[in-house]
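Subject: Structure handover

Hi,

Here is the structure I promised to pass on. Have a look at it first, then read my notes below.

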Amino acid sequence: MDFPFEPFKIKVVEPLRSTTREERDRIIKEAGFNLFNIPADSILVDLLTDSGTSAMSDNQWAGLMVGDESYAGSRNYFNFEAAVREIFGFRHIIPTHQGRMAENLLFSVVLKPGDLVPNNTHFDTTRANVQHNGGMAVDLLNPAGRDPHTEQPFKGNMDVQALEDLIQKHGRGKIPLVMMTITNNSAGGQPVSMANIRETREVCQRHGIPMFFDACRFAENCFFIKDREPGYANRSILEIAQELFSYGDGCTMSAKKDGLVNIGGFLATNNADWAGRVTNLLILIEGFPTYGGLAGRDLEAMARGFREVLNEDYLRFRVGQIRYLGQQLDRAGVPIIKPTGGHAVYLNARDFLPHIPQYQFPGQALAVALYREAGIRSVEIGSLMFAQRDPETGETTYPDLELVRLAVPRRVYTSMHMSYVAEAIISIYKRREQITGLRIVHESPYLRHFTAQLEEV
Ligand SMILES: Cc1ncc(COP(=O)(O)O)c(C=O)c1O
């Protein structure tokens, strides 16, 4: 079977509201051609993010009812701790309300000004938390990962030689830890191989540097290892995860992805000193160590989500659904990043709209066209998000890639929704010359893509 079979039945439904083309034209203009400004009720298929947008199972909803809201020692904390310990194996487990709080706590404790943090590719919040604490975030993605036209099974891998060179150049005293992001979100949701994790571990160990995972999409990464890496076909996802995390010294986790919950996260480490310092800070800014900014019921939903996400039928569907969307687009000649990753399909907007120069935001123009065509919300990952103007020379540097990410929420949409999305994109592709560029009329100094106002050229 080469189609993604949903391994669940639908028990509760949430109606979607259709809009007319005229309504969408008005809404997008009022939103300043920025999809973040559109009320969610005016979106038909929302592919803005896969984070915190999962549908919970009946078992997770039932777990909410056994939430124990005791301030200290809630039973749900112990269930959560047991699930995390079994899968991730780390000694100290510190719940947080989401991933960036785990990052904030970790980097507040381990970084000193001028330190470097190597990563296969930092996610935005990870980079921001490193920089906020005086460090420098260094991306060491392998060369294949940077090329949108090569197809390789593990394009998320760390460039291990570049890591070795960086450590040789700056010394271990400047590098308190190495991060490994699985799957590699900012590089197309591409997976990292177990071999690459072992090699990275070997370099870290030789230099006495701890290795941490940014583990948001660990189960999707483990499924890719099972599917693509020799020697893992007969191992369970749990066994693969246990091996993978055995090479690390800790992790940060946003459970809003592979925890299958709408809110939650944690920080885990084997380092008792770091855990103690993080816990002191946690109590100051987040909450007591057995709830960490969450309700007891949220911890229970997370505990159950971590066990559910290991289910192979679910993961086969999950990765298959993304591939299915990618295949329909690819067959119609729509330029996408290949192979498709674990949580999203990325449209290559530069190849899609070659007539729109980068300074007129081809990615954003494509995202706007998709909303207008079919009420679908995606997100631009290109010049609107990343272009940087040098304040002294006034010159702008543009990113290599102009992408539009179609991030698919977990267990929310059916394969028929994916076909609808594919059809809408193919229809736009057939008359792509009619799409025009955009220019900014208002922007803020930081993270401008969230609030920028644009107009059509
Ligand atoms: C790889 C990665 N790390 C960290 C985060 C931050 O997690 P959160 O949104 O829960 O703060 C995200 C969120 O999308 C992510 O994709």
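Helices here are DSSP runs of H or I with at least four residues, strands are runs of E with at least two, and both are numbered from the N terminus. This is a predicted model, in which local features need pLDDT of at least 70 and side-chain atom pairs count only at pLDDT 80 or more, while totals for chains, interfaces and linings use all residues. Numbering starts from 1 along each chain as its sequence is written, and side-chain values use heavy atoms, with hydrogens and water left out.

Helix packing

In α1 (residues 21–30), Arg21, Arg24, Asp25, Ile27, Ile28 and Lys29 meet Val368, Tyr371, Arg372, Glu373 and Ala374 of α15. That contact has five nonpolar, no polar and six charged residues (nonpolar: Ala, Val, Leu, Ile, Met, Phe, Trp, Tyr, Cys and Pro; charged: Asp, Glu, Lys and Arg; polar: the others, Gly among them). The axes of α1 and α15 (residues 362–374) are 8 Å apart, at an angle of about 145°. Axes are lines fitted to C-alpha atoms, for helices over the stretch in contact, and angles run from 0 to 180 degrees between N-to-C directions.

Next, α9 (residues 218–228) and α13 (residues 312–331): their axes come within 10 Å and cross at roughly 90°. That makes the two roughly perpendicular (65 to 115 degrees). Ala219, Glu220, Phe223, Phe224 and Lys226 in α9 meet Glu312, Leu315, Arg316, Arg318 and Val319 in α13, a contact of five nonpolar, no polar and five charged residues.

The axes of α3 (residues 75–88) and α10 (residues 237–246) come within 7 Å, crossing at roughly 75°, so this pair is roughly perpendicular too. Here Glu86, Ile87 and Phe88 of α3 meet Leu238, Ala241, Gln242 and Phe245 of α10.

The ligand

What surrounds the ligand? There are 14 residues, and the closest are Gln98, Arg100, Asp214, Ser254 and Lys257 (counted if a heavy atom lies within 4 Å). By class, the shell has two nonpolar, six polar and six charged residues. Helix α4 (residues 99–110) gives the most, with three residues. Oxygen atoms of the ligand lie 2.8 Å from a polar side-chain atom of Lys257, 2.9 Å from one of Arg217 and 2.9 Å from a polar backbone atom of Gly99. The protein covers 96% of the 390 Å² of accessible area that the ligand has on its own (Shrake-Rupley method, 1.4 Å probe).

Cheers

How values were computed: Parallel < 35°, antiparallel > 145°, perpendicular 65-115°, else oblique. Contact = heavy atoms within 4.5 Å. Polar contact = N/O pair within 3.5 Å; in protein donor to acceptor, adjacent residues only side chain to side chain.
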